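My notes follow the order in which I checked things.

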Amino acid sequence: MTVEFENYPEIKSYAKSVTEPKWFTDIRVKALESQPKLELPNFEKIRYHRWPIQLKEKLKKVSSNAELLDDLPIEDAKHLVVQLGQDTLQKSGLTTFEEQGVVICDWQEALEKHSGLVQKYFMQKAIKFDEDLLTAQHVANLTSGLFIYVPKNTVVKEPLTTYFVQDSTQKNDYVHHVILVVDSNSEFSYLENLMTVGSEKTTANIIVEVIAQADSHIKFASVDRLGANTTTYLNRRGYLERNSKIDWSMGMMNDGNIVGDFDSDLVGDGAHSEVKVVAISTGKQVQGIDTRVTNIGRHTIGHILQHGVILSRSTLTFNGIGHIIKGAKGADAQQESRVLMLSTKAKGDANPILLIDDNDVTAGHAASVGRVNQEQLYYLMSRGLPKKVAERLVIRGFLGPVLAAIPSKVIEEQLKVTIERKLVDGQKDE
Amino acid sequence: MSTLEIKDLHVSIEGKNILKGVNLTMKTGEIHAIMGPNGTGKSTLSEAIMGHPAYKVTQGEVLLNGENILGLPVDERARAGLFLAMQYPAEIPGVTNAEFIRGAINARRPEDDALSIRSFLKQLDETMSVLDMTEEMADRYLNEGFSGGEKKRNEILQLMMIKPKFAILDEIDSGLDIDALKVVSRGVNKMRGPEFGSLIITHYQRLLNYIVPDVVHVMMGGRIVKQGGPELAKRLEDEGYAGLRDELGLDIKLVDEDA
């Protein structure tokens, strides 16, 4: 199929300004042209269709004022990439990675220097560009991101930390794409931080593709703190080949409305995905989290553990989807979703969905939405702790099983600090 | 010196009247015991003083140094100087014993004068050794998976660390073997002094051999029906509650009477 750029002057001029390869501009145009026949994806009990979640701003190259980062809590990690809006502002401590053959490039650099490698994985395995309207809009409007490739037989001992800061001092869509490919028999740990600076009403569309090739092991952690005025579609998708494993640990600490779509496709035999999610909703925000694990290969293991807390008038929906495809003999799908309500005006939902198309499998689920245990609160207060402090301790106990299951102590600690901060802020609205 | 006065206290739970006019006055420096048969309102009295939300005070007052505390939330009563060692302490996963106790102490201090970790740990170590508690108990989650005896010791550990003006001990002896009973008593006796008063609620006289009270109150049918010295407790142990009831001519059915 030939693509006629002349009909799309915005894409043409943007492509020229960043010198992206033709194949990439082609797929942008295809994504754009596919949109009229695509619809917004549906997630059980998550009603987001009327949010300003669709991308509306024109595709353009913009830069951000680096000083905006000064007031943000950015930790000086040993191996670090910091991006603000479309700009990469810091890359440090990456030499040891590069010596092992690991590629870490921002989006433009990756398209320039590793075009073939990017083309092999970009929206090919984990997600298709025309899967739905949001993925198509994403591809057509993508302007920033990171590409990481870990070669075969490479054990990277220390984690890579990234900060992706959305610049909402300007009214632009934030369209961000991460590809993490870990080739066979390799290991990699990654910690991603999403943040917002500024308070313009904006839309974010973020897709993260994690590709675990045979016998690889990936520890993927994220702490998401997008701003109150950012409406977000966040899709993290794992594609797991034979005997690979992904440990997902995600902290949804955003302040705005968000749909989180966290999926793992266990394609190869023996693939294993452990998904841990903690979420806190405060104020009037809505967080809808749809976590799916699909067992395709034999003897695959998919476990989902998600605990969340809701305050004020906020909403939190957890969907846990365990889907076992016919032929996935010996597969195991387990899930637990729990929501703790601190306010009578908050809305919580935990929906277990098991779709099982084979007999020779094991599966189980647990789900609950409940209030704070009054006896626990009374006990803590009877020792002199103010109610809000007591509530935070009970919440910590509630989130404890998820936090304790996170494979990295550093990330566990960081999440605890973020949780405390989000709770203290959230309690101010009570 | 501080005083705790309970005046004409009436309390109901789920619409049922349990306390029907309790009067009791105590000062720091004193240990009082409340004895009584099962189901007579002893625990109701302790929960009502502390402020458990399920217990409704329908009449009367509880005064701490002359101020009625019944309008205060639980945490403010605690910071004013009250402590309740509970019969069934809640389990709080995810929060270690040590950080909880430190938090409770710091809740009583100004924000810019928090107790340093070093001096806290020193106090904690010393107190735990008085109670024959192993060090690992400090790092375990609060009461989670504790045995009955461990929970009781842990209540006394908190009492000794927090140093309240008045401590109510609600059946701290239940489920304890004799060695554990001695250890718990040792802890409470160590607290004895002019700035500490305690109201010990017990079913049996045995505990009072180890913590000798200044005053013994006998409670039946939601009221205090008799007061005396330590010898009153001994008499009850010998004669049982039924004897005292009949002597006082009270029309009260004892819960365990049929058994």
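These entries cover confidence, the annotated domain, the sheet and the chain contacts.

Confidence. I noted that this is a predicted model, and that the predictor gives the complex an ipTM of 0.95 and a pTM of 0.88. For chain B I found an average pLDDT of 94, with 98% of the residues scoring at least 70.

I looked up the UniProt record, an unreviewed entry, which lists residues 170-398 of chain A as "domain: SUF system FeS cluster assembly SufBD core". Over residues 170-398 of chain A I read 9% helix and 60% strand, with the end C-alpha atoms 38 Å apart.

Sheet. In chain A I traced an open sheet of 10 strands in the order 2-1-5-7-9-11-13-15-17-19, with mixed pairing. Its edges are strand 2 (87-92) and strand 19 (362-371) of chain A, each pairing on one side only, and the twist averages 10° from one strand to the next. I followed strand 17 (residues 332-341) of chain A, which pairs with strand 19 of chain A in the parallel sense over 10 bridges; V339(A) stands opposite V369(A) in strand 19 of chain A.

Helix over the sheet. I saw that helix 8 of chain A lies across strand 13 (272-281), strand 15 (301-310) and strand 17 of chain A, and that it runs at about 165° to strand 15 of chain A.

Interface. I found 19 residues of chain A in contact with 21 residues of chain B. On the chain A side, helix 7 (374-381) and helix 8 (387-404) each supply at least two of the residues that touch chain B, and the residues of that side divide into nine nonpolar, six polar and four charged.

How values were computed:
Residues numbered from 1 in each chain as written. Chains lettered and ligands numbered in written order. Predicted model: local features only at pLDDT ≥ 70, side-chain atom pairs only at ≥ 80, totals over all residues. UniProt positions renumbered as here; feature names shortened; annotations may be inferred. Helix = DSSP H or I, 4+ residues; strand = E, 2+ residues; numbered from the N terminus. Contact = placed C-beta atoms within 7 Å. Nonpolar A, V, L, I, M, F, W, Y, C, P; charged D, E, K, R; others polar. pLDDT = per-residue confidence, 0-100. Pairing = 2+ DSSP bridges. Axes fitted to C-alpha atoms, helices over the stretch in contact; angles between N-to-C directions.
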